[in-house]
Amino acid sequence: MAIEAWLMDDSNEDPRLSHRRNPNESVSLDQLAELGVLYWKFNPTIYENDQELTKIRQDRGYNYMDLLDLCPEKVENYEQKLKNFYTEHIHQDEEIRYCLEGSGYFDVRDKDDRWIRILIKAGDLIILPAGIYHRFTLDPSNYVKLMRLFKGEPVWTAYNRPQEDNPARKEYIKGLTEKFGVPLAAH
């Protein structure tokens with residue numbers, strides 16, 4: 001089954017809830033791809049020997065890998081870490097996450113500055129483009145094990161919104177403007 005995504009409601013309730021609109025407004029893989037969000041589905045039980053994953057890593061130059069367990073029992077200052085992940089930000093580089101266990105949500109801004117919630121579960125690999133506003137949180141299960149991939153030495157610096165003068169953000173907006181054929185607000 002493919003990844004599931006939807007436009008978020010405007011509620012300020014617990015960010016770990018699904019925040020679906022009523023009625024639900026689904027977002028397709030094609031709509032995510034228009035924003036530069038890429039997706040693959042793998043078997044997470046064979047990640048160490050998965051030839052498809054190895055090929056993607058080689059083709060895209062992802063030579064760094066580590067594993068991150070996110071749950072209250074394994075992360076010091078868990079609530080603060082989760083709060084930091086949920087603060088809207090961009091990165092200078094792609095953000096690549098492969099969910100091996102558990103589940104969580106990546107939220108990304110669409111071209112109209114609305115939040116799209118993306119549910120990731122075991123087997124989902126997602127790539128967010130450099131410069132896209134996004135955030136992350138767990139779902140009510142409070143557990144996810146992620147593989148983080150990176151080109152070269154990892155740089156985990158998050159640049160909190162607003163970042164309209166950031167070169168990665170400018171390049172992202174330029175790409176969207178070219179794709180949609182109309183100038184987009186920098187949001």
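Is Tyr 105 buried or exposed in this predicted model? Tyr 105 is buried, with a relative accessible area of 6%; buried denotes under 20% relative accessible area, exposed over 50% and partly exposed in between (1.4 Å probe, protein chains only). The model is predicted, so local features need pLDDT of at least 70 and side-chain atom pairs count only at pLDDT 80 or more, while totals for chains, interfaces and linings use all residues. Residues are numbered from 1 along each chain as its sequence is written, and side-chain values use heavy atoms, with hydrogens and water left out.

**View 1. The aromatic pair of Trp 6 and Tyr 105.** Six aromatic pairs are found in a search of the whole structure. Rings of Phe, Tyr and Trp (its six-membered ring) pair if their centres lie within 6.5 Å; planes under 30 degrees apart count as stacked, over 60 as edge-to-face and the rest as tilted. The ring centres of Trp 6 and Tyr 105 are 6.1 Å apart and the planes stand at 80°, so this pair is edge-to-face. Because Trp 6 belongs to strand β1 and Tyr 105 to strand β5, the pair ties together parts that are 99 residues apart in sequence. Strands (E, at least two residues) and helices (H or I, at least four) are DSSP runs, numbered from the N terminus. Trp 6 is buried, at a relative accessible area of 0%.

**View 2. Arginine side chains over the rings of Trp 6 and Tyr 105.** Arg 20 lies over the face of Trp 6, 3.7 Å from the ring centre. Over the ring of Tyr 105 sits the charged end of Arg 117, 4.2 Å from its centre. The criterion is NZ of Lys or CZ of Arg within 6 Å of the ring centre and within 35 degrees of the ring normal.

**View 3. The largest nonpolar core.** A nonpolar core is a set of buried Ala, Val, Leu, Ile, Met, Phe, Trp, Tyr and Cys residues joined through side-chain atoms within 4.5 Å. This core has 27 residues, of which Leu 32, Val 37, Ile 116, Ile 118, Ile 120, Ile 126 and Phe 136 touch the most other members. Elements that each supply at least two residues include β1 (4–7), α3 (78–85), β5 (95–109) and α4 (167–180). A second, separate core of twelve residues includes Tyr 98, Leu 100, Leu 125 and Ile 127.

View 4. Thr 137 is buried, with a relative accessible area of 2%. Beyond four places in sequence, its contacts (heavy atoms within 4.5 Å) include Pro 15, Arg 16, Tyr 105 and Arg 117.

**View 5. The cluster of Tyr 64, Phe 150 and Trp 156, linked by ring pairs.** Phe 150 and Trp 156 are edge-to-face, at 5.5 Å centre to centre and 65° between the planes. Phe 150 is buried at 5% relative accessibility, whereas Trp 156 is partly exposed at 34%.

**View 6. Residues listed by UniProt under "binding site".** The unreviewed entry lists His 89, His 91, Glu 95 and His 134; UniProt positions follow the numbering used here, feature names are shortened, and annotations may be inferred rather than shown by experiment. These residues span 46 residues in sequence, yet no two of their C-alpha atoms are more than 11.6 Å apart, so they gather at one spot. His 91 lies in the loop between β4 (89–90) and β5 and is buried, at 11% relative accessible area. Among the residues that His 91 touches beyond four places in sequence are His 134, Trp 156 and Ala 168.
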